[in-house]
Amino acid sequence: MTQAVLNPQRLMQVLSTPVISEKATMVAEKRNQVVFRVLRDATKPEIKAAVELLFKVDVESVQVTNIKGKVKRTARGTGRRNHVKKAYVCLKAGQELNFAQEGI
């Protein structure tokens, strides 16, 4: 299977935001993984290429999860929050991402 050439402009848009939560911090410490919100149509190879391009680190693997938006009730009826796709990016041994220093 040959890997298609990935568009750099597309890769810049694949990652939406890093997820900063208790679970994300625990996963980062125990499994050397970083959690990102990504575009809903992003693929694992795109996510891997985007992290490697933007943060200059080596990625071992990527796991994705689709999270359905919650149904919320208001005075006008019911609605639904947007669906979200999250990527758990496993970094190779010795690699590290620090968001506090990356933005400088």
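Which residues of α3 are buried? The structure examined here is a predicted model, in which local features need pLDDT of at least 70, side-chain atom pairs count only at pLDDT 80 or more, and totals for chains, interfaces and linings use all residues. Residues are numbered from 1 along each chain as its sequence is written, and side-chain values use heavy atoms, with hydrogens and water left out.

In α3, the buried residues are Glu46, Ile47, Ala49, Ala50, Val51 and Phe55. Here, buried means under 20% relative accessible area, exposed means over 50%, and partly exposed covers what lies in between (1.4 Å probe, protein chains only). Helices (H or I, at least four residues) and strands (E, at least two) are DSSP runs, numbered from the N terminus. Helix α3 covers residues 44-55, and its twelve residues should span 16 Å at 1.5 Å a residue; the end C-alpha atoms are 16 Å apart, which agrees. The expected span is 1.5 Å times one less than the number of residues in the helix. Just after α3, a positive phi of about 55° is found at Lys56.

Turning to charged contacts, the structure holds two salt bridges, each defined as a side-chain nitrogen of Lys or Arg within 4 Å of a carboxyl oxygen of Asp or Glu. One joins the side chains of Asp41 and Arg10, at 3.3 Å from N to O. Because Asp41 sits in the loop between β2 (33-38) and α3 while Arg10 belongs to helix α1 (residues 8-14), this pair ties together parts that are 31 residues apart in sequence. Another brings the side chains of Arg10 and Glu46 together at 3.1 Å, N to O. With Arg10 in helix α1 and Glu46 in helix α3, that pair ties together parts that are 36 residues apart in sequence.

Arg10, at 21%, counts as partly exposed, and Glu46, at 13%, counts as buried.

Lys72 has Gly79 in β5 as its bridge partner.

Notes:
Pairing = 2+ DSSP bridges.
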